[in-house]
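Open the model in a viewer and keep the selection tool at hand. The stops below say what to select and what is there.

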Amino acid sequence: MSATPSSTSLRPTETVLQGIPAVAGVQYAPVIRPGARPTVDDGSAAAAVDESNRQGEAARFTTAAAAVAERLRDRAAHASGAASEVLATTATLAQDRAWIAATEKRIGEGNPAVRAVTAAVDQFVTMFTQLGGLMAERVTDLRDIRDRVIAELNGLPEPGVPVPEVPSILCADDLAPVDTAGLDPALVVALATTLGGPTSHTAIIARQLGIPCVVAVGGLDAVPAGTMVMVDGSSGTVTVEPDEAVARRAVELARGQAELARSWHGPGATADGHAVAILANVQDGAAARAASQTPAEGVGLFRTELCFLNRSTEPSVDEQAEIYGEVLGAFDGRKVVIRTLDAGSDKPLKFVGHPDEANPALGVRGIRIADGNPGILTRQLEGIAAAARATGSAPWVMAPMIATPAEAKAFADETRSHGLTPGVMIEVPAAALLADRILEHVDFLSIGTNDLTQYTMAADRMSAELATLTDPWQPAVLALVAIAAKAGVAVGKPVGVCGEAAADPQLACVLVGLGVSSLSAAAAAVSGVGAKLAQVTLAQCREAADAALATATAADARAAASAVLS
Ligand code: PEP
Ligand code: MG
């Protein structure tokens, strides 16, 4: 069991910093911090490069960029899986023709290399930021490359994470993908960041490495390297200079929990035998095949839009059928819930032709794209139906961002006309409130707690400043989940949860107590959730749910549930 602020005895010197839990687990170790990034002096004070030296200056730049790329490629060769991919992608970006040419052009105009690098990166940062979505996320990578190339040009050590001599906890403002990708989980045993949210890149990598992680930790900046801290990825706390014996006991308890998770093989059920399907969230065939190696009983959310983020033209029905068929094939005959394109907002798709909107999270996204472009949904359903026929599967199909029973009915009618089983996501408070009327039209519901939290709390899920609001333990969010789950129980139709909330073992028990019938989470979280659920009774889950619902803050909801479930 993880320590929580309420269960950790406070000593006069220790301080508990509150952040947002991202990956469960407890570690106690000294802090390390990434090496300082070079101050981005654009070199404007430096004199223009004499015409006769410009070629040499350009060569100095290309050599530096090549050295940076080479080092990244070398690290990629020694890493594996997602880490290797991130490093290789960043290496490619360091050699990207467009930015190399933009830099060389500036050097050709007489700018010193450092100034040219800074200006060229600024140009691309502005462009990517304006494009938004995934492109905007590359901005951190671009700045990272800029810093590495400038350090190389100035003969300084490469910025980034030092290799510690003893197991350590890496604390930083935020981490560039390339920094987190090369981490050795035996030496960097936990992560804590001042910025970022539970779905940030740092959290995703920590989950893959299997190390605890807390993000958006207030006051973390003031904790210097070398300080002993305890990171609790379940309660979202960083305890500075805790009592050593208490900290080591908490680490041992968490390790026991992790071992239980490793020995859990499903199927999902409470200790007293109440069945709850434990499913995986996937984004393509490869992820589905990986998930099929875990105890996941099926796929609770296949995010189809993630297959097409780089496409400028709509994939054909046949192409879609092939892609969907890969996921169905990986879970051969078992439950797979396919979500129709959730395009828009933070996941724009070029071929959808999104309107220019001031507030895309409240705009034409999810099912709403079908209004102006009904053919896209029809062709996707044709693709899913073809994949179902080809694999002999019977997938369930759900629509994202449903707000009204009328939208649910229209989607259900069309989905049934393709011989498929329709459901909808509950991500909008209006849909949660009218879940009973929506269930008159569809066969199941799946609660997307990421967006449900964003829209309930009126807080952007990407905002680090608002991370306390975008916490699915918020009692207001739990109250809406309770309404939707109760509506399902009343008519005997399944209501699952497929947002990040289902990846938190304690919260998963609370969701079961509220009445949900399945939990779908990142594959890495499946065992932890299943193992935790197997240790508690349905009555405990219900008691924890009632206790959490009766609170007024997310922190109190966590503590109240923990008191019942621990
Ligand atoms: C959700 O909103 O909880 C969800 C599962 O959908 P996504 O995270 O893809 O928006
Ligand atoms: Mg969503």
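## Between the domains

Start with the pair domain 1 and domain 3: the count of salt bridges between them is 0. This is a predicted model.

To make the selections, take 5–35 together with 161–245 as domain 1, 51–153 as domain 2 and 273–565 as domain 3. The C-alpha centres of domain 1 and domain 3 are 29 Å apart.

Next, show the residues where these two domains touch. On the domain 1 side 10 residues are in contact, and they meet 9 residues of domain 3. About 840 Å² is buried between domain 1 and domain 3, with 65% of it on carbon and sulfur atoms. Colour the domain 1 side by class: 4 residues are nonpolar, 5 are polar and 1 is charged.

## Around the ligand

Now select ligand 1 and the residues within 4 Å of it. There are 14 residues around ligand 1, and the closest are Arg-303, Arg-339, Gly-448, Asn-450 and Arg-461.

Which of their atoms lie by an oxygen atom of ligand 1? Go through three of them:

- Arg-303: a polar side-chain atom lies 2.7 Å from an oxygen atom of ligand 1.
- Asn-450: a backbone N or O atom is 2.7 Å from an oxygen atom of the ligand.
- Gly-448: a polar backbone atom is 3.3 Å from an oxygen atom of the ligand.

Ligand 1 taken alone exposes 290 Å², and the protein buries 99% of that.

Key
Residues are numbered from 1 along each chain as its sequence is written. Chains are lettered from A and ligands numbered from 1 in the order in which they are written. This is a predicted model: local features need pLDDT of at least 70, side-chain atom pairs count only at pLDDT 80 or more; totals for chains, interfaces and linings use all residues. Side-chain values use heavy atoms; hydrogens and water are left out. Domain bounds come from an automatic or database domain assignment. Contact means heavy atoms within 4.5 Å. Buried area is the accessible area (1.4 Å probe) that two parts lose on being put together, summed over both. A salt bridge is a side-chain nitrogen of Lys or Arg within 4 Å of a carboxyl oxygen of Asp or Glu. Ala, Val, Leu, Ile, Met, Phe, Trp, Tyr, Cys and Pro count as nonpolar, Asp, Glu, Lys and Arg as charged, and the others, Gly among them, as polar. A polar contact is a pair of N or O atoms within 3.5 Å; within protein, one must be able to donate a hydrogen and the other to accept it, and residues adjacent in sequence count only if both atoms are side-chain atoms. Accessible areas come from the Shrake-Rupley method with a 1.4 Å probe; for residues, only the protein chains shown count as cover.
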